[in-house]
Amino acid sequence: MMQRDYVQDLSAKVGQEVTLRGWLYNKRSSGKIQFELLRDGTGICQCVVVKNVVGAEMFASCDTISQESAIAVTGIVQATEKAPGGFELSVTKVDIMGAGGDYPITPKEHGVEYLMEHRHLWLRSQRPWATMRVRDTLIVAIRNFFHERGFICFDSPILTPNAAEGTSTLFETKYFDEGMAYLSQSGQLYGEAGAMAFGKVYVFGPTFRAERSKTKRHLNEFWMVEPEVAFMDLEGDMELAQEFVHYVVGKVLAERRSELSILDEGSGRLVQRCEQVLKPFVRMHYDEAAKILDKYWDEKLASGEELPPTFKRFEYGDDFGAYDEVALTSLYDAPVIVHHYPAAVKAFYMKRDPNEPDKALAMDVLFPGFGEIIGGSQREDNYDVLVSRIEEHGLPMAAFEWYLDLRRYGSVPHAGFGLGLERLVMWVCDLEHIREAIPFPRTLTRIWP
RNA sequence: UCCUGAGUAGCUCAGUUGGUUAGAGCAUCUGACUGUUAAUCAGAGGGUCGUAGGUUCAAGUCCUACCUCAGGAGCCA
């Protein structure tokens, strides 16, 4: 591979001549001196072009370079406080490799819709750049976390013959002569097969939901990581979820400080957010959470405070709505795990607590001021019970024959959870909308670019 | 699927009670400037006011329908 100089390595090359290759991010010119900001993917470097150093001809041609033109700049690395980032290049030579033309994203305000229409170019800008680097760190941390603990990566199919939970609306496509196939909405059931084969596995892949969701927390295509562990109960599941969050968010704090600083404009707010979730999680039974919410809404309603038109008062037995999750987590400084949800509002495969038959051994991890990031449960491991659950939910038994085999042959207690990658990226980066947490979002009204 | 709001220059927006030739900043082009930090300063070009219809002497502004998008709810991760 050819010798390359990158912006991120400049601190070790002060006084040396380097050639940076990248794109013109922005420039300022002042008659006989030009400041060109070169972006190479690893960072941004200010390049100083002085007329009587490079000569009138090269100076004039530099003056014509438009935003996002591809350039190779040669010069001496200088340390200076006047340059953003602390280093700049005293330019001796500039090669224009590809002209830029009228670049649609100018260094001024743009609306989100306009930026999304140019997402393929917007990714070059600072905020998406920082966000995607945080996302990358989270992905690597997720894989490392599981590998360090003896999990193996166990890919589930994306084309599946049936709905996993039988509830969500799925994308469908023709599958040769086999009828319809559906894009996977969860790898969990396959993960359970993996857990019985390998003990500890994690499924990490794209997930598809054809719901007509229209909120800032929903994508129709997103990435989900789903660990599944044999011989683990709900208690172990909650411990794993906490350890997992601490590990991956800890990696962001260790490796992506400068990206967080770009995202919060140097306020340090994002670091504080991350440190919040490194605390021990608050755990509470659904009944306790329900009591707290009852009191919370009673007081709110009594105070006469105006509530949003879509507000619906929580009642015991309900799953939590968006307002409930935000309300509950606002009372604590750390994530909250709610467990033992009413079985009626949860999926068929979740095991019920023998001591509280109307409650599922399920848990959700709720992040402060945000809501659900993780949902998990101990799975039903008894063959007869599982069969009757499938019947109760009106699901086609034949489709679950292979799944039932897992209970026919050496069934054991097991548990797991699912975490939406983009929800985590969104929370860590404090994004306004989840669509900024993935390179090319797929939402109800967007499948382009 | 339900509720709310918005569409005016390439982009972000202003546009009063309906009233002359629809404005600003940025971007683009021309010029000035040797330390700029979204550089600044002077000038120029740039518009079927989402679409269709209606009211009126007169519509960006009022009315009706439609289209598109955004925000919120539900569904969930």
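A base nitrogen of RNA strand B is 2.6 Å from an N or O atom in the side chain of E88; a polar contact is a pair of N or O atoms within 3.5 Å. The model is predicted, so local features need pLDDT of at least 70 and side-chain atom pairs count only at pLDDT 80 or more, while totals for chains, interfaces and linings use all residues. Residues are numbered from 1 along each chain as its sequence is written, chains are lettered from A in the order in which they are written, and side-chain values use heavy atoms, without hydrogens and water.

**Surface near RNA strand B**

- RNA strand B is surrounded by 49 residues, of which the closest are R28, N52, K216, H218 and R423; a residue is near the strand if one of its heavy atoms lies within 4 Å of it.
- These residues divide into 13 nonpolar, 19 polar and 17 charged.
- The side chain of N26 has an N or O atom 2.8 Å from a phosphate oxygen of RNA strand B.
- E211 places a polar side-chain atom 3.5 Å from a sugar or linking oxygen of RNA strand B.
- Strand β17 supplies the largest share of this surface, 4 residues; helices (H or I, at least four residues) and strands (E, at least two) are DSSP runs, numbered from the N terminus.

**Nonpolar cores**

- The largest nonpolar core has 57 residues, and those with the most contacts inside it include F244, V248 and L260. Such a core is a set of buried Ala, Val, Leu, Ile, Met, Phe, Trp, Tyr and Cys residues joined through side-chain atoms within 4.5 Å.
- Helix α7 (residues 234-255) gives the most to this core, with 11 residues.
- Beyond residues up to four places away in sequence, V248 touches L138, A141, I142 and L424; contact means heavy atoms within 4.5 Å.
- A second, separate core has 19 residues, among them V7, L20, V49 and V73.

**Helix α13**

- In α13 (residues 401-408), Y403, L404, L406 and R407 are buried, that is, under 20% relative accessible area with a 1.4 Å probe, protein chains only.
- These four lie on the same side of α13 because they cover an arc of only 140° around the axis; the arc is that of the directions from the helix axis to the C-beta atoms.
- The cover over the buried residues of α13 includes α6 (188-198), α12 (383-392) and β18 (414-420).
- After α13 comes G410, whose phi is positive, near 70°.

Key. Buried < 20%, exposed > 50% of the residue type's maximum accessible area, 1.4 Å probe, protein only. Polar contact = N/O pair within 3.5 Å; in protein donor to acceptor, adjacent residues only side chain to side chain. Nonpolar A, V, L, I, M, F, W, Y, C, P; charged D, E, K, R; others polar.
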